[in-house]
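We will go from stop to stop, and at each one you will get something to select and something to look for.

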Amino acid sequence: MWFRRDESDVVVDEISPTFLNVLSELDQDALLIAPGEVIRFATEGIEALHLLRDGRLNSPELIALIRVVRRTHQTHTGKIEIPRGPIGEGLRELTVRAIYLEDLDNIVVLLSDESEAERVHEVRRDFVANISHELKTPIGALSLLSEAVLSAADEPESVVKFATRMQIEAKRLTDLVQEIINLSRLQDSDPLQVATENYVEDLVNEAIDSVKTTSEAKGIAVSSNAIPEVVVLGDSEQLVMAIHNLLENAINYSPENTKVSVSCTVNGDIVEIIVADQGIGIPDDVQDRIFERFYRVDPARSRETGGTGLGLSIVKHVATNHGGEVKVWSSPNVGSSFAMRLPIYTPNGGATQ
Ligand code: ADP
């Protein structure tokens, strides 16, 4: 019979309470498994990781590791990957230690997320290599322009011209630094660990407000349809930033006096936030690449609009970290649609991590 020891842990059968207390008090998540892969005990975190379905293990990799331990009676350590949510490529890598307990003929499994630290370290290393290259361009330009100002000190018109260009480069540098900070924060954090409940409608409205000045300056109307009353779990700041980036691109890569729309549709457990424009579009063969850091289809145009080349990689990170994904449909000279798909949060049981 299944019953709860305290609010959090799941237990079947009688096992020494002291032993179970020890497992509960560990920093790591733990499982106690009897022959036939019967779960005798699971900490609360195991449920949150969606490792169990109907009281059985549902990770084939974990089951395989346990079978090896049962056969060999030896402790084994390995890594398993589990999805962060029902869609998207986001994976969580867990380090698993499975220990055979001779007297109980049971296996204790300890799980930890240490590998996350390693991943963050790797991502940061190659990110820094990219950044230094990107920063050199505006810094180099500022240095050349300041020399030009000095040598044109007696010609007021030239000074004004060079100083104006210095302002543009300084703004670029500021935007770039801000985006780098945003992205590196994203790469370090797991929004699902400090998640709040957010109405999609609020997120969309906040993002639309944040691009008002830019859209009005280009005579572009940003409209949104009736947004379904659905909630997503996550970091509201990050989610608004992602929708903001999609809207900002839609405006930047569209001619004046065109239309941008935001629509939301619900598909089962998933909400799709779609930002559509009537802009320049993206050629088929580079549609995969636009989510890479610092990739731009047309670097000159992107520079003109103040693009940093980081906007879409931020969107992809936010979507993936929230257990979702981002998709694009685009046709040159017709327009583009970007869809951010996120798991809908339903408080009782349906919560998709
Ligand atoms: P950027 O800061 O250069 O806009 P992003 O990462 O946001 O960088 O986008 C990468 C590239 O994808 C852009 O430089 C642009 O070429 C292309 N792109 C993004 N959104 C759109 C869009 N709505 N319409 C056309 N091209 C787009």
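## Stop 1: two loops

Begin by selecting Phe294, which sits in the loop between β14 and α9 (299-304). Keep in mind throughout the tour that this is a predicted model. The phi of Phe294 is near 65°, which is a positive value in a residue other than glycine. Is Phe294 buried or exposed? With a relative accessibility of 10%, Phe294 counts as buried, because anything under 20% does.

Now select Asn257, in the loop between α8 and β13. Asn257 also has a positive phi, near 60°, and is a residue other than glycine. Its relative accessible area is 61%, so Asn257 is exposed; the cut-off for that word is over 50%.

## Stop 2: a five-stranded sheet

Next, colour the strands β11, β13, β14, β16 and β15. In that order they make an open sheet of five strands, with mixed pairing. Which strands stand at the edges? They are β11 (221-224) and β15 (325-331): each has a single partner strand, so one side of each has no neighbour in the sheet. On average, neighbouring strands here are turned by 15° against each other, ignoring direction.

Here is a general idea to carry with you: the strands of a sheet pair through backbone hydrogen bonds, and they can do so in a parallel or an antiparallel way.

Zoom in on β13 (residues 259-267) and β14 (residues 270-277). These two strands pair in the antiparallel sense, over eight bridges.

## Stop 3: a hairpin

Move to strand β3 (residues 29-34) and its partner β4. They pair in the antiparallel sense, this time over four bridges. Select Ile33 and you will find Ile39 of β4 standing opposite. The hairpin of β3 and β4 has three residues between the strands, and in this hairpin Gly36 takes a positive phi near 80°.

How many of the five residues of β4 are buried? Four of them are, so to speak, under cover: strand β4 (residues 38-42) is mostly covered.

## Stop 4: helix α10 and two partners

Before selecting any helices, one general point: a pair of packed helices is described by the angle between the axes and the distance between them.

Select helix α5 (residues 156-188) together with helix α10 (residues 311-321). They pack at an angle of about 20°, and their axes are 10 Å apart. That angle makes α5 roughly parallel to α10, since angles under 35 degrees count that way. Their crossing is left-handed.

To see where the two helices meet, show side chains. Glu179, Asn182, Leu183, Leu186 and Gln187 come from α5, and they meet Gly311, Ser313, Ile314, His317, Val318 and Asn321 of α10. Sorted by class, the residues of this contact are four nonpolar, six polar and one charged.

The axes of α8 and α10 come within 9 Å and cross at roughly 145°. This crossing, too, is left-handed. On the α8 side, look for Gln238, Leu239, Met241, Ala242, Asn245, Leu246 and Asn249; on the α10 side, they meet Gly311, Leu312, Ile314, Val315 and Val318. The contact of α8 with α10 has eight nonpolar and four polar residues, and no charged ones.

## Stop 5

Finally, select Glu169 in helix α5. Glu169 counts as buried, at 16% relative accessibility. Setting aside its neighbours within four places in sequence, Glu169 is in contact with Pro138, Ala141, Leu142 and Leu145.

Definitions and conventions: Residues numbered from 1 in each chain as written. Predicted model: local features only at pLDDT ≥ 70, side-chain atom pairs only at ≥ 80, totals over all residues. Heavy atoms only, no water. Buried < 20%, exposed > 50% of the residue type's maximum accessible area, 1.4 Å probe, protein only. Pairing = 2+ DSSP bridges. Axes fitted to C-alpha atoms, helices over the stretch in contact; angles between N-to-C directions. Parallel < 35°, antiparallel > 145°, perpendicular 65-115°, else oblique. Left-handed = near helix turned anticlockwise from the far one by under 90°. Contact = heavy atoms within 4.5 Å. Nonpolar A, V, L, I, M, F, W, Y, C, P; charged D, E, K, R; others polar.
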